[in-house]
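Please consult the sequence and the structure shown here.

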Amino acid sequence: MADIDLLDEARAIDTHAHQPTSEFLHDAGGEMMRDAAGKFGTELETWGYEEMREEYHAAGIRHAVLLGWDAETNTGNPPVENDYVAAVRDEYPDFFTGFASVDPLKDDCVQEAERAISDLGLSGFKFQQIAQGFDPSAPEHDDLWRTIEDLGVPVVFHGGNSTLGAGSPGGRGLRVQHGNPLLVDDVAARFPDLQILLAHPAFPWEKEQLAVCQQKGNVYMDLSGWLPKYIDEQVLHYAGTILQDKVMFGTDYPMIRPEAWLESFEKHTDYPEETQRKLLWENAEAFLDC
């Protein structure tokens, strides 16, 4: 566990969690998720939200951002519906903050974005540009970013490579280039009031992502998707110094489990208590207002 004195109570906030159920792992994920599980060395087992909450609290985590998923146009797989995310959030309001997903390639993406916030009360958006097959900097998506900016909620963009489809012929047709954080830099420049969280340490564009986070006041990042022992040393250095107010804890659950992430964090980092508090929950509290 990361510094047991800090986690005697469940205080940490996981900014990047997916459903441990068939809706995400089997239905939305399909073959590309089975490829990813193989790379992580895990099986696509499923379990419920009560088990998830108990696991998180045992690890010292009080809250998690539960992410929607809609990559239907590019993958042909059904989405994790925003109504479903809202229903889970409503069942566990003290544990989950719900983030919607809209497919930018669908004609009704702007209307669905408005509905997700205004009608469902979700708190932000998640985009996985590689799975969804789009360039976020392309001008045809500006109406969507402008709408989200006007709604006043944050957005999570995927940063870096993806294990989805990894090892399969053609990578299931997914294009790694859409995960380059410099594409999000363009969005951040044109929409300065849009609060952006770049998910993952952005391999192989770690330095580009650090530069974007340093230069753009409206761009943050999390450490999800990687155990800390595998995260680039410069990323960990920046997280403890120049970007210590802009980096957040995340797991990418259920692919990475919270106890394993926190144990690796304790073993492979040596941050002072003040910095640990920022990374594990204080920065997320400010970003999510929770």
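Q: How many aromatic pairs does the predicted model contain?
A: The model is predicted. Rings of Phe, Tyr and Trp pair if their centres lie within 6.5 Å. By this rule the count of aromatic pairs is 18.

Q: Is the pair of Tyr 92 and Phe 96 stacked or edge-to-face?
A: The ring centres of Tyr 92 and Phe 96 lie 6.1 Å apart, with 90 degrees between the planes. Because planes over 60 degrees apart count as edge-to-face, the pair is edge-to-face.

Q: Which class describes the aromatic pair of Phe 265 and Tyr 271?
A: The planes of Phe 265 and Tyr 271 are 40 degrees apart, and the centres are separated by 5.8 Å. Planes under 30 degrees apart count as stacked and those over 60 as edge-to-face, so the rest count as tilted. The pair is therefore tilted.

Q: Is Phe 265 buried or exposed?
A: Phe 265 has a relative accessibility of 2%. Buried means under 20%, so Phe 265 counts as buried.

Q: Which ring lies under the charged end of Lys 246?
A: The charged end of Lys 246 is 5.1 Å from the centre of the ring in question. That ring belongs to Tyr 220.

Q: Which residues does Asp 94 contact, leaving aside its neighbours within four places in sequence?
A: Asp 94 is found in the loop between α5 (82–91) and β3 (96–99). With a relative accessible area of 69%, Asp 94 is exposed. Leaving aside neighbours within four places in sequence, its contacts are Arg 62 and His 63.

Methods:
Residues are numbered from 1 along each chain as its sequence is written. This is a predicted model: local features need pLDDT of at least 70, side-chain atom pairs count only at pLDDT 80 or more; totals for chains, interfaces and linings use all residues. Side-chain values use heavy atoms; hydrogens and water are left out. Rings of Phe, Tyr and Trp (its six-membered ring) pair if their centres lie within 6.5 Å; planes under 30 degrees apart count as stacked, over 60 as edge-to-face and the rest as tilted. Buried means under 20% relative accessible area, exposed over 50%, partly exposed in between (1.4 Å probe, protein chains only). A charge sits over a ring if NZ of Lys or CZ of Arg is within 6 Å of the ring centre and within 35 degrees of the ring normal. Helices (H or I, at least four residues) and strands (E, at least two) are DSSP runs, numbered from the N terminus. Contact means heavy atoms within 4.5 Å.
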